[in-house]
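Let us walk through this structure step by step, beginning with the terms and then moving from the sheet to the helices and the core.

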Amino acid sequence: LKNEPVAAAGIAAAGAAAPEPVLPLKRGQTIVAFGYPANHSNSYLSNYHPGAPDVRYSKKPLPTAVTALSAAGFNVTYEPGCSINLHGRAPDLHNLNRSAQLAKTHDVAILFVGLDGGEEHESGDRNYTGAGLGLPGDQALLIEMVTEANPRTVVVLIHGGSVAIPYAKAHTPAIIDAHYPGDMGGQGIAD
């Protein structure tokens, strides 16, 4: 409810200044986008799709959220941020700390997190394997560290199955649940 006009009007009526909504983005803002899906259009497709067109041979490659935001006139920096699957490794604290520092230097941070074909597929029910519904890898830690560094953070969920994001729900002003948005998902998310 943080960005809904009714909530903002109630805050203003109570005498406090209404917080400025993060969305829609404003021209001239500096944006840092984190997460593999931010800059890879193949991640907008579910695991039931043919391969994305090979960008080396395409006359017009599918837009990613980063390329669509850049084409719309935003100053966007891309940083991978974290791993969807750690494969038994510890979280990469160097990359996570770097991401938090980078978030401090931009007007808005956008986190692209969720699941991929390696995490959700027919024979890999996450509850059955004991992984639960939380974000895999070090994505939940990325959300916490970036949001603490820059409260003007947007979380974009790319997934097919359910995900639990309690920290994001409680601490980020905007969440976009894109699911697997398809070939033009990058453009749709940017719009």
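A residue is called buried when its relative accessible area is under 20%, exposed when it is over 50%, and partly exposed in between, using a 1.4 Å probe and protein chains only. Helices (H or I, at least four residues) and strands (E, at least two) are DSSP runs, numbered from the N terminus. The model is a predicted one, in which local features need pLDDT of at least 70 and side-chain atom pairs count only at pLDDT 80 or more, while totals for chains, interfaces and linings use all residues. Residues are numbered from 1 along each chain as its sequence is written, and side-chain values use heavy atoms, with hydrogens and water left out.

Strand 1, residues 30–34, is mostly covered, since four of its five residues are buried. Two strands count as paired if DSSP finds at least two bridges between them, and strand 1 is joined in parallel to strand 2 (residues 75–79) by five bridges, with Ile31 having Val76 as its bridge partner in strand 2. Strand 1 also pairs in the parallel sense with strand 3 (residues 108–114), over four bridges, and here Phe34 stands opposite Leu111.

These pairings belong to an open sheet of five strands with parallel pairing and the order 2-1-3-4-5, whose edge strands, strand 2 and strand 5 (174–177), each pair on one side only. Strand 4 and strand 5 run parallel and are joined by four bridges, and Val156 stands opposite Ile176 in strand 5.

Helix 3 lies across strand 1, strand 2 and strand 3, at about 160° to strand 1, whereas helix 4 lies across strand 1, strand 3 and strand 4, at about 170° to strand 3.

A nonpolar core is a set of buried Ala, Val, Leu, Ile, Met, Phe, Trp, Tyr and Cys residues joined through side-chain atoms within 4.5 Å. The largest such core has 42 residues, and those with the most contacts inside it are Phe34, Ile110, Leu111, Phe112 and Val156. Its largest share, six residues, comes from strand 3. Leaving aside neighbours within four places in sequence, Phe34 is in contact with residues including Leu102, Leu142 and Val146.

Note on methods. Contact = heavy atoms within 4.5 Å. Axes fitted to C-alpha atoms, helices over the stretch in contact; angles between N-to-C directions.
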